[in-house]
Amino acid sequence: MKQQLISSFSIFLLFLHCASTFAQIPAAAPAQAPAVVVAPPPAATPTQAAAPHGITNVTKILEKAGHFTIFIRLLRSTQEESHLFSALNDSSTGLTIFAPTDSAFSELKSGTLNTLRDGDKSELVKFHVVPTFLSTSQFQTVSNPLGTWAGTGSRLPLNVTSYPNSVNITTGLTNTSLSGTVYTDNQLAIYKIEKVLLPKDIFASNAPAPAPVAPAPEKPSKAVPAVTVESPAASVDISSALIFTNNILVGSFGLLASAMFSL
């Protein structure tokens, strides 16, 4: 009986020892899920690139100002709207735009824009864009002729003259003045003008040639009697004939006198 108690007690101590040992063994860490590799997004192509924030939208400014419907339509139809956006994004010199109002286009001869080729329309728009920012005070010191997106030269002259209260613009075919400031910051200046700036390169060559003057009908001339001009030789012949006649008369008179004296 005593031996059974000792055996049971020994088994109990062994159980406690095992339980204490198992409790000290750290629990196995849970199995980790395999890492998920996130592929980087593909590089954006130029057509996918989002428009940068803060770039000035010229057409939006003109739409907000009002009275520039035709100029906005030209900017879009010639794709110059996109060129302006790119230039304002990339250029460090800024831009100056002379924006004709709708009333300025209404002063053109009816159908003028419709007769222009696409290239001429694009050149007309570019002729209103100076590839540098010009404040109103800078017109006092700018050098003429101004270069524009359309180019420079005798076929594309654009001259400005600054006065105390106005700025005059001439192209050789157009003479106008700035009538107001639509928008200005340190990169873009848009000025309102009341006449379309016409470059000679387009409109001087397209001007209709003057109609040829028809020759006046010839009036029937009256018959004029012919005037015979005697040559010197004829004069000599006449003189000789007179001398000969005179000699005959003298001779005849001498014979007649002799006959009378003989009677």
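Okay, let's start with what sits over α3: the cover on its buried residues includes α2 (58-65), α4 (80-90), β1 (95-100), α5 (102-106), α6 (112-115) and α7 (118-126). Contact here means heavy atoms within 4.5 Å. Helices (H or I, at least four residues) and strands (E, at least two) are DSSP runs, numbered from the N terminus.

Quick caveat: this is a predicted model, so to speak of a local feature we need pLDDT of at least 70, side-chain atom pairs count only at pLDDT 80 or more, and totals for chains, interfaces and linings use all residues. Residues are numbered from 1 along each chain as its sequence is written, and side-chain values use heavy atoms, with hydrogens and water left out.

So which residues of α3 (residues 69-77) are buried? F71, I72, L74 and L75. They lie on the same side of α3, because they cover an arc of only 160° around the axis, taking directions from the helix axis to the C-beta atoms. Over on the other side, R73 and S77 are exposed. Buried is under 20% relative accessible area, exposed over 50%, partly exposed in between (1.4 Å probe, protein chains only). After α3 comes Q79, with a positive phi near 70°.

Now the strands. β3 (residues 159-163) and β4 (residues 166-170) pair antiparallel over five bridges; pairing takes at least two bridges found by DSSP. T161 has N168 in β4 as its bridge partner, and two residues separate the strands in that hairpin.

β4 also runs antiparallel to β5 (residues 175-184), joined by three bridges, with I169 opposite T176.
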